[in-house]
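Hi,

Here is the structure I promised to pass on. Have a look at it first, and then read my notes below.

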Amino acid sequence: MKEQTVKTQDVVATSSRKVMPAIVAMLFGAFLVIGVGFAHSDTVHNAAHDSRHSFAFPCH
Amino acid sequence: MFRRIFATALLAGFLGGIGISVVHEFTTTPIILHAEQFEGKSSVPEQKQSKSGNPLLILAHGKSSGAAEDGHEAWGPANAWERTLFTTIANIITGVGFALILVACFSLSSGNINGRTGVIWGMAGFGVMSLAPALGLPPEVPGALTAELVPRQGWWFLCVAATAAGLWMLVFRTGGIWIVAGIVLIALPHIVGAPQPARIGGAVPPELADHFAAASLATAAIFWSLLGWLSGTFWQRFEERS
């Protein structure tokens, strides 16, 4: 029983070690894409204009 | 794991961003510049939603675009070199962003990841981020008539999320119920329908707009294949070293 609990904890720990970095990376990746492709600031829009059109992000 | 994900994504995103910038320079950018010559020549009044009688009708990049509310022009690249530079920087940041999402998927996957399987993952990225949204919101040239921006951006996110979830169900789950659920999810944003302009007939000739839509999708396919291959290759290499 005790061994079973330890094993379960190991699985949870391994799983969270794997999942946490993936979630952080996805959130940071989404932050970068949204910043370049979707931010409403006119300055960001003008700087990234051709990139936004080429990637077909909805633009003005 | 953090180190491996970020090192892979930074390298792949940087190289992929540079690579696609070269491709864009000879494919989509000349069409954008050509289309801008027609921008503002539409017979349809160029008014924003708040001023227009028709809330769904605005002209993309009308004369008011770039002008702040106080009347001052917002900053923009001053010349062709500066414009290319900022486009390249934007492509690199977009490349790193997409690479982070792609490599995060690698880290969760139980399958073998290398350059070849990376290309398959890249094609999934192309389907989710480019192909599916293009069915409702075709890639648009400057000067095209479009619906209001925020609903289009909202639909884009809905489409990407639903297609990604649907594709995951089709590929990684087994059983008839998952297949049905996956197909329904992928179809859902298109059944709901993307926001469309109330009137069509912008200033840009349709031949140019057609060419741009094809060029945008073709270059997106190149970008995602390249990003997938680079990400898969570096992901495998960093495993061997660690």
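A word on axes before anything else: they are lines fitted to C-alpha atoms, for helices over the stretch in contact, and angles run from 0 to 180 degrees between N-to-C directions. This is a predicted model, where local features need pLDDT of at least 70 and side-chain atom pairs count only at pLDDT 80 or more, while totals for chains, interfaces and linings use all residues. Residues are numbered from 1 along each chain as its sequence is written, and chains are lettered from A, with ligands numbered from 1, in the order in which they are written.

Let's start with a helix pair in chain B. The axes of H5(B) and helix H6 (residues 176-192) of chain B come within 8 Å and cross at roughly 165 degrees (helices are DSSP runs of H or I, at least four residues, numbered from the N terminus). H5(B) and H6(B) are therefore roughly antiparallel to each other (the label for angles over 145 degrees; 65 to 115 is roughly perpendicular, under 35 roughly parallel, and the rest oblique). Their contact divides into 16 nonpolar, three polar and no charged residues. Here Ala, Val, Leu, Ile, Met, Phe, Trp, Tyr, Cys and Pro count as nonpolar, Asp, Glu, Lys and Arg as charged, and the others, Gly among them, as polar.

H1(B) and H3(B) are another pair: their axes come within 6 Å and cross at roughly 140 degrees, so these two are oblique to each other. By class, that contact has 14 nonpolar, twelve polar and one charged residues.

Now the chain-chain contact, which takes 47 residues from chain B and 28 residues from chain A (two residues are in contact if their C-beta atoms, placed from the backbone, lie within 7 Å). On the side of chain B that touches chain A, H3(B) gives the most, with 16 residues. By class, that side has 29 nonpolar, 16 polar and two charged residues.

And the inside? The largest nonpolar core has 52 residues, and those with the most contacts inside it are B:Ala99, B:Leu100, B:Val103 and B:Leu227. Such a core is a set of buried Ala, Val, Leu, Ile, Met, Phe, Trp, Tyr and Cys residues joined through C-beta atoms within 7 Å, buried meaning 20 or more other C-beta atoms within 10 Å of a residue's own. H3(B) supplies the largest share of this core, twelve residues. A second, separate core of eleven residues includes B:Ile32 and B:Ala203.

Cheers

Technical notes. Buried ≥ 20, exposed ≤ 12 C-beta atoms within 10 Å, placed from the backbone.
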